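Visitor: I would like to learn how to read side-chain features in a model. Can you walk me through some?

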Amino acid sequence: MKRYSFFLALAAMLVLSFGLANAFGPGSIYISSVQGGFGVINSDGTDTLQVEKEIVWILNLDNADPIDSVRGCNNGFRIYSPDGATWQVPTIVEFGSVYTDFMGQLLVGYFLYHAPTNNGMGGAAAGDTLGIGGIASALTTGFLPGFNERAIVITIPAPGIPVGDTGKTICLAESGYDINFEWLWAMSNEGGVFPIWGPLPAPGYAGPVCYTLFKVPNEPPDITNCPTSLNITHCATATFQYEAEDRDQLGDRPLTFVQNSGPGSTTPAGLWSYSPTLADVGASLSIDVQAQDTPGNLGPNCVTSLNFTNVAPSFTDGCGELIPIGKGNTLVFDFDAVSGDCDPISFSISGVSPTPVGGYSIDASTGLVTFNTDDADGDKQFVFTVCVSDGKETVCCETTIDVLFTEPYEVLIEKTHNTAQGGHELVCVTLEKGSEQMWGFDFLIAYDASALSFQTALEGSDLYA
């Protein structure tokens with residue numbers, strides 16, 4: 001058979017050099033690890049390999065002889081499927097350079113043999129046969145006694161085995177040759193020995209190692225930082241960065257996010273943002289977000305309630321005062337307040353107790369109260385309750401106005417500034433308070449006669465009322 005031509009050539013070299021062994025010699029070739037699969041042990045103890053993945057078998061060469069070296073080797077392997085699975089064309093390499101430095105030993109006649117019989121098509125009778133072999137020169141010692149290291153790598157490259165073959169079986173076994181149908185090692189003192197295919201799954205095991213082909217289910221990703229609730233001020237744009245991780249082992253895939261409901265929007269990268277208003281304060285709001293590894297493969301819902309906060313306004317002046325005013329006079333007094341955060345505020349009078357005969361009003365934007373007292377309001381106290389609101393929160397305070405039956409006169413004499421020497425200045429005299437009508441009066445105003453001289457007095461408008 002043509003595919004065995006390289007094996008036969010090397011086998012002949014080994015026979016001519018050492019002859020065939022008459023007894024079973026020490027040593028084995030065994031699978032030390034399998035990479036790129038998905039190890040899930042079946043109930044019968046067999047292992048599994050993942051479809052659509054690169055599969056790599058790592059094999060050790062174990063020279064168990066305590067004295068003798070392996071001077072040459074001629075070993076083959078067969079990949080097959082008893083139920084018709086298929087795979088990519090396999091390759092076989094050694095640890096290191098192809099022709100030199102073979103596990104630190106220079107094998108002059110070393111070669112690799114790769115003869116897939118049907119380019120990766122499986123089947124019990126038509127698998128892929130791969131070989132490895134070589135012989136040491138007279139100057140080298142081969143594989144020393146006790147050598148037991150990685151020596152052979154067999155690979156089924158990605159995308160490995162088609163997903164349609166899920167549930168089928170693939171096997172790796174030793175492969176014999178036409179000359180003797182067995183592996184052959186050349187030993188310097190003992191001639192030729194036949195290493196065993198082991199020790200996995202058991203020492204001395206001579207059969208194939210088979211794997212059930214397994215498809216890893218595409219499990220959706222989980223959001224790992226899902227908050228139950230978020231407390232957020234309504235005065236600024238709110239943001240939250242979602243994070244997620246995949247639950248399966250299908251390899252790195254970009255995880256994206258989908259927002260199903262709620263205010264704002266979430267980018268595919270998981271950044272949620274929303275610009276709230278005062279109307280959102282106290283509202284029952286929530287967002288529902290999911291992560292996905294492929295479109296539609298959505299993970300568990302992450303539902304987060306949103307609590308938008310607001311800080312109430314507060315008074316800074318005008319509360320708790322007792323202000324006297326004569327009956328029949330007009331009183332103007334002021335309330336001051338500030339917003340607790342970002343909202344405009346407005347003032348209102350929620351009530352006056354008892355109800356006065358005179359009218360009253362408030363400037364909603366400034367908090368300035370005007371109370372036009374009536375003569376009937378004299379000798380009474382009126383409690384004004386003034387409130388300030390930001391549209392969501394309202395705060396109130398009280399101030400008492402004492403309407404006097406008789407209010408003493410209060411006169412203000414103006415103080416002027418920056419009058420030029422030799423010039424004229426008008427100084428106003430104003431009646432500030434007083435509940436009784438004024439019939440006659442005398443003012444005694446003192447001034448420095450060396451610097452000022454009185455010229456004349458002008459009647460004000462109140463004297464004509």
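**Rings, charges and a loop residue**

Guide: At 0% relative accessibility, Phe-384 is buried. Keep in mind that this is a predicted model.

Visitor: How many aromatic pairs does a search of the whole structure find?

Guide: The search finds eleven. Take Tyr-360 and Phe-384: their ring centres are 5.5 Å apart and their planes meet at 80°. Planes over 60 degrees apart count as edge-to-face, so this pair is edge-to-face.

Visitor: Which parts of the chain does that pair link?

Guide: Distant ones. Tyr-360 belongs to strand β28 (residues 360-362), and Phe-384 to strand β30 (residues 380-389). The two residues are 24 residues apart. Tyr-360 is partly exposed, at 36% relative accessible area, whereas Phe-384 is buried. Both also belong to a cluster linked by ring pairs, whose members include Phe-315, Phe-333 and Phe-347.

Visitor: Which charged ends sit over rings?

Guide: The charged end of Arg-78 sits over the ring of Tyr-80, 4.5 Å from its centre. Lys-327 has its charged end over the ring of Phe-405, 3.5 Å from the centre.

Visitor: Now a loop residue. Where is Thr-166 found?

Guide: In the loop between β8 (148-156) and β9 (169-175). Thr-166 is partly exposed, at 34% relative accessibility.

Visitor: What is Thr-166 in contact with, leaving aside neighbours within four places in sequence?

Guide: Val-51, Leu-213, Phe-214 and Lys-215. Thr-166 and Val-51 are 115 residues apart in sequence, yet their C-alpha atoms are 6.7 Å apart in space.

Definitions and conventions
Residues are numbered from 1 along each chain as its sequence is written. This is a predicted model: local features need pLDDT of at least 70, side-chain atom pairs count only at pLDDT 80 or more; totals for chains, interfaces and linings use all residues. Side-chain values use heavy atoms; hydrogens and water are left out. Rings of Phe, Tyr and Trp (its six-membered ring) pair if their centres lie within 6.5 Å; planes under 30 degrees apart count as stacked, over 60 as edge-to-face and the rest as tilted. Helices (H or I, at least four residues) and strands (E, at least two) are DSSP runs, numbered from the N terminus. Buried means under 20% relative accessible area, exposed over 50%, partly exposed in between (1.4 Å probe, protein chains only). A charge sits over a ring if NZ of Lys or CZ of Arg is within 6 Å of the ring centre and within 35 degrees of the ring normal. Contact means heavy atoms within 4.5 Å.
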